[in-house]
Amino acid sequence: MQCREFNKLLPLLLNGAVAPDSRDACELHLDTCNRCVEVFAAASAAMFVAPDPGAMISTIMQATMPATCATSADLLCEALDGTLGEPESVLLHSHLQDCGYCQQLHSKLQTLDRELPMLAELQPPETLLAQILHGTSARPPPGTHHLNPWFAPIRRVLLRPRFALEAAFTATLLWSALFGIPASVLDTASAEQPQVIERLELRQFWTQTQSGLQLEIAELGPELSGPVSALENIFFDSVESARRRGNMLRLHLADWFDTLLAGILPGPI
Amino acid sequence: MLNEPLDLEQTIRQCQRGNSLAWEALVKHCQSRVYGVAFYYLRNRVDAQEATQEIFIKVFHGMQGFKGEAEDFLPWLLAVARNCCRDRLRATKTRSRYEGEYETTQLHHPAASESPETTVAREQQQRILYQALHEFSATNRDILLLKDIQGLKLEQVAEILSLPVGTVKSRSSRARIELAKKLADLTDELPKTSGMN
C-alpha cells in the first residue's frame, strides 16, 4: 500500500468503516511508514471530544438505573432527620453535586423543616385559659382525696373486679350461714324481720295516704274535733299496719305524718 | 410553650394530687400546642377553641390514669387531642363546618417590626401550607402532624397511630417529598427531573 492510498482510507479507518482487507493493508503500511503513523495519531487526537460529564452521567443513569432521584429523595429525608449513615451520606452528596432537581428538592425540604414546626403552637384567644379553668377547677379532680397517698393503693385493690366478686361471694356465704336465706319480700307473715319496701309500694302508700288525708280535711272544714279523731284513726291504723307487716320504712313515714298533724291541728291528740 | 423552664414532672404529680395552681400552670404551658392541633383538624378558631376546652376537660379527668414520665406526657396529650378532634370530625351534623378554607388571619401576633404586607404574605403562605397538608390521607396527615409539626419521635408516633415504626418512617418520607413537590408546583420552583420515576 502507498501513502496516497493510506491517506484516502484514513477517514474510514478512523470511523471504523473500512473493509477488513483494507484495514489489514493499512495496518501493514503503518508498520513500515513512520510518516503515516504520525498522520494517523494526529487525526485520531483531533476526532476525540469529551462530552459534558453531567449530561453523560445522566444519560448513562437513565439507561441503567432510572430511579436514582427517587432513592436520593428518600436519603434526603433521612439526612434531614439526622439518621443517615456515613456511606449513604457520601453517596448522596455525590449525587447532589450533579443533579439540579435533587438540589432544589433538598432546598425545599429544608424550608419545610423550618416552616412545619411553626404550625405546632398557635396563639389561643385570651379567654381560653379562664374558660378551661372554669370548666375544670370548679371541683377537685376525680380520685383526689387528702388521704390519697395512703388511700389510693387500697382503693385500687377494692375496685378490682375480681376482688369485688370474691368479696360479694364471701359475704353471701357468711350471711347465709349466720342468718339463713332471707325471707321473700312479699312474705308478710315474717313480722320479726323488717323488709325494705319496694319503691312502687311506697309511692302507692304515699298517694293513698295523701289523697285520703286531703279528702278528710276537705270534708271536715272548720269542725276539727271530729275530724281529728278520724285522722288519728287513719294514722293509728297505718302505724299498726306497718308494725304488723314489719315494714320499717312505712313506720317511719307514719311517724312523720303523725308529727305533721301534731303541728297543724290544734288541741291534744 | 414546652421549652419554658417548667418542671413538668413535678407539675404533673401536683396536678394528680389536686393542686389547682399546678393545673393552671400546666394548662398555660400546653394550651397553645393543643389549640394548634385543634386548629389543624378543625380549620377555624371558634371550633378549635371549643375543642381545646373539651380536650383539657378530658385531660383533667384522665390525669389520675397517666402513669408515665414527663417525656411521655406530650405524646399522651397529643393523642387525647387527636382523638377528640377526630370524634368531632366524625359527627355528621358538624362535618360540613370543617370543609372550608382555613382561617389563617391573625393566627400569630405579628412582630412589632413586621409590615402589614409581610403579615399578609405570611398568612397566605400558612394558608397554602395548611391546604396542602389537608389534601393528604387521614393517616399521612396524622403522621405529618405528630412527627414533622409536633416533633414526636418515630416510636411515639407509631404507638399513637398503632402502626409499625417502619411504616411511619416510610410514609413520613413520602409525605414530606410530596408536600415539597405540591408547594413547589405552586411556585414552579422545581426543574424537570433528570431521572425521577
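This is a predicted model: local features need pLDDT of at least 70, side-chain atom pairs count only at pLDDT 80 or more; totals for chains, interfaces and linings use all residues.

Colleague: How many helices and strands does the secondary structure of chain A hold?

Modeller: Chain A comprises 13 helices and zero strands.

Colleague: What share of the residues in chain A is buried?

Modeller: Of the 269 residues in chain A, 25% are buried. The accessible surface of this chain is about 18500 Å², and carbon and sulfur atoms account for 61% of that area. As for contacts between residues at least 6 apart in sequence, 54% link residues at least 24 apart.

Colleague: How is the length of a helix to be read, for instance in helix 7 of chain A?

Modeller: One compares its reach with the span expected at 1.5 Å a residue. Helix 7 of chain A, residues 100-115, has 16 residues and extends 23 Å from first C-alpha to last, close to the expected 22 Å.

Colleague: Which residues of helix 7 of chain A are buried?

Modeller: The general idea is that an α-helix has 3.6 residues a turn, so residues three or four places apart point the same way. In helix 7 of chain A, the buried residues are Y101(A), C102(A), L105(A), K108(A), L109(A), T111(A) and L112(A).

Colleague: Where is E50(B) found, and why is it classed as partly exposed?

Modeller: E50(B) lies in helix 3 of chain B, residues 45-62. E50(B) is classed as partly exposed because its relative accessible area is 36%, and the class covers values between 20% and 50%. Its C-alpha atom is 9.0 Å from that of A38(B), 12 residues apart along the chain.

How values were computed:
Residues are numbered from 1 along each chain as its sequence is written. Chains are lettered from A and ligands numbered from 1 in the order in which they are written. Side-chain values use heavy atoms; hydrogens and water are left out. Helices (H or I, at least four residues) and strands (E, at least two) are DSSP runs, numbered from the N terminus. The expected span of a helix is 1.5 Å times one less than its number of residues. Buried means under 20% relative accessible area, exposed over 50%, partly exposed in between (1.4 Å probe, protein chains only). Contact means heavy atoms within 4.5 Å. Accessible areas come from the Shrake-Rupley method with a 1.4 Å probe; for residues, only the protein chains shown count as cover.
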